[in-house]
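The following note sets out points for a colleague who wishes to examine the model at residue level. Please read the numbered points with the structure open.

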Amino acid sequence: MGVKPETLAKFKEIFTSRMVSDDNTIDAIKRYYYPSDKAASPYMLDPHTDVGIHASESVKAQFSDYYTISLSTAHPAKFSAAVEKALLGTSDFTFESVLPKEFIGLLDKERRCLHIKENTAEAVKRALVDQLKKDLQ
């Protein structure tokens, strides 16, 4: 199934897209955490939000008469490995300083997963009820 050429042409008039590499993401996380404008406050981006920011900046550079809006999509703590890769070793960065208190120590806790072979709502319900019964004993 293909897209009609005239439909594709219309979409290309209205929409644009961008690709953002891992290196671009890491560089932008650093750039926003250490802004060149010393009056600006440091901001810690998560990698998903950064992709949106990076793409918006690219669009703005190409189409200066357009406005762009990027909405933050996650907390940096959800992607701690990527944020630490970008900022670890810098003088004033500690990941604990940006973690919500509920996240502190979370990665040290026991992980529990239920493997449910049957792909039905009833199977999920049964598995959860069985696990809760075990936990409450």
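1. The lining of the second largest pocket divides into six nonpolar, two polar and two charged residues. In this classification Ala, Val, Leu, Ile, Met, Phe, Trp, Tyr, Cys and Pro count as nonpolar, Asp, Glu, Lys and Arg as charged, and the others, Gly among them, as polar. The lining residues are Lys-12, Glu-13, Ile-14, Phe-15, Thr-16, Val-59, Phe-63, Tyr-66, Tyr-67 and Thr-68. Helix H1 (residues 5–14) supplies the largest share of this lining, namely three residues. Helices (H or I, at least four residues) and strands (E, at least two) are DSSP runs, numbered from the N terminus. The volume of the second largest pocket is about 170 Å³.

2. The model is predicted: local features need pLDDT of at least 70, and side-chain atom pairs count only at pLDDT 80 or more, whereas totals for chains, interfaces and linings use all residues. Residues are numbered from 1 along each chain as its sequence is written, and side-chain values use heavy atoms, with hydrogens and water left out.

3. The largest pocket has a volume of about 240 Å³. Its lining is made up of Ala-77, Ser-80, Glu-84, Phe-95, Glu-96, Leu-99, Phe-103, Ile-104, Gly-105, Leu-106, Leu-107 and Asp-108. By class, seven of these residues are nonpolar, two polar and three charged. A pocket here is an open set of points on a 1 Å grid over the protein atoms alone, where a 1.4 Å probe fits, with protein on both sides within 12 Å along at least five of seven lines; lining residues have an atom within 4 Å of a point. Grid points are joined across faces, edges and corners, and a volume is the space filled by probe spheres set on the points.

4. How many salt bridges are there? The count comes to four salt bridges, each being a side-chain nitrogen of Lys or Arg within 4 Å of a carboxyl oxygen of Asp or Glu. Side chains of opposite charge can pair when their charged atoms come close.

5. Glu-13 counts as exposed because its relative accessibility is 59%, and Lys-10 is partly exposed because its relative accessible area is 45%. The cut-offs are under 20% relative accessible area for buried and over 50% for exposed, with partly exposed in between (1.4 Å probe, protein chains only).

6. Glu-57 forms a salt bridge with Arg-31, the closest N and O atoms lying 3.1 Å apart. This pair links distant parts of the chain, with Glu-57 in helix H3 (residues 47–62) and Arg-31 in helix H2 (residues 22–33), 26 residues apart. Glu-57, at 29% relative accessibility, counts as partly exposed; Arg-31, at 39%, also counts as partly exposed.

7. A salt bridge also brings together the side chains of Asp-135 and Arg-112, at 2.7 Å from N to O. The two residues belong to distant parts of the chain, 23 residues apart: Asp-135 is in helix H5 (residues 121–136), and Arg-112 is in the loop between helix H4 (80–87) and H5. At 36% relative accessibility Asp-135 is partly exposed, whereas Arg-112 is exposed at 54%.

8. Leu-114, Ile-116, Val-124 and Leu-128 make a nonpolar surface patch of about 290 Å². Patches consist of residues with over 30% relative accessible area and no salt bridge, with like charges joined within 9 Å and nonpolar side chains (Val, Leu, Ile, Met, Phe, Trp, Tyr) within 5 Å. Accessible areas come from the Shrake-Rupley method with a 1.4 Å probe; for residues, only the protein chains shown count as cover. Val-124 is placed in helix H5 and counts as partly exposed at 35% relative accessibility.

9. Is Asp-50 buried or exposed? Asp-50, in helix H3, is buried because its relative accessible area is 0%. Asp-50 and His-75 are 25 residues apart in sequence, and their C-alpha atoms are 11 Å apart in space. Asp-46, in the loop between H2 and H3, is likewise buried, with a relative accessible area of 2%.
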